[in-house]
Amino acid sequence: MEKKTARLTLMIDPHKKQAFEQLCASQDQTPSQVVRQLIRDYLQTHGVDYATQPERTTGK
């Protein structure tokens, strides 16, 4: 579990931002929660390890 946080600033079209925020709210999630999950998924997809990643289970 992450103990410290860092800020990630990005530029996005205001219309996309509004649509994203509305979708997140409709799913009872914050935009930050969704972006953090997207980043975790992206790292996993590309096989990138990082210090705070969850333990992988092998299913054996």
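Helices (H or I, at least four residues) and strands (E, at least two) are DSSP runs, numbered from the N terminus.

This is a predicted model, in which local features need pLDDT of at least 70, side-chain atom pairs count only at pLDDT 80 or more, and totals for chains, interfaces and linings use all residues. Residues are numbered from 1 along each chain as its sequence is written, and side-chain values use heavy atoms, with hydrogens and water left out.

**Helix 1 and its start**

- Asp13 caps the N-terminal end of helix 1, with a side-chain oxygen 2.8 Å from the backbone nitrogen of His15.
- Cys24 is found in helix 1; this residue is buried, with a relative accessible area of 2%. Buried means under 20% relative accessible area, exposed means over 50%, and partly exposed lies in between (1.4 Å probe, protein chains only).
- The C-alpha atoms of Cys24 and Val34 are separated by 7.4 Å, although the two residues are 10 residues apart along the chain.

**The salt bridge**

- The count of salt bridges comes to 1. A salt bridge is a side-chain nitrogen of Lys or Arg within 4 Å of a carboxyl oxygen of Asp or Glu.
- This salt bridge joins the side chains of Glu21 and Lys17, at 2.8 Å from N to O.
- Glu21 and Lys17 are separated by about one helical turn, because they are 4 residues apart in helix 1.
- Glu21 counts as partly exposed at 34% relative accessibility, and Lys17 counts as partly exposed at 41%.

**The loop between the helices**

- Asp28 is found in the loop between helix 1 and helix 2.
- The phi of Asp28 is near 55 degrees, a positive value in a residue other than glycine.
- Asp28 is exposed, with a relative accessible area of 71%.

**Helix 2 and the segment after it**

- Helix 2 has 15 residues and reaches 21 Å from its first C-alpha to its last, close to the 21 Å expected at 1.5 Å a residue.
- Gly47 follows helix 2 and has a positive phi, near 65 degrees.
- Gln53 lies in the segment after helix 2, and a polar contact of 3.5 Å joins its side chain to that of Asp49.
- A polar atom of the Gln53 side chain also lies 2.6 Å from the backbone nitrogen of Tyr50.
- A polar contact is a pair of N or O atoms within 3.5 Å; within protein, one must be able to donate a hydrogen and the other to accept it, and residues adjacent in sequence count only if both atoms are side-chain atoms.

**The largest pocket**

- About 800 Å³ of space lies in the largest pocket. A pocket is an open set of points on a 1 Å grid over the protein atoms alone, where a 1.4 Å probe fits, with protein on both sides within 12 Å along at least five of seven lines. Grid points are joined across faces, edges and corners, and a volume is the space filled by probe spheres set on the points.
- The pocket is lined by 22 residues, of which Leu8, Ser32, Val35, Arg36 and Ile39 lie nearest its centre; lining residues have an atom within 4 Å of a point.
- Helix 1 (14-26) and helix 2 (31-45) each supply at least two residues of this lining, and the largest share, 7 residues, comes from helix 2.
- By class, the lining has 10 nonpolar, 4 polar and 8 charged residues. Ala, Val, Leu, Ile, Met, Phe, Trp, Tyr, Cys and Pro count as nonpolar, Asp, Glu, Lys and Arg as charged, and the others, Gly among them, as polar.

Definitions and conventions
Expected span 1.5 Å × (residues − 1).
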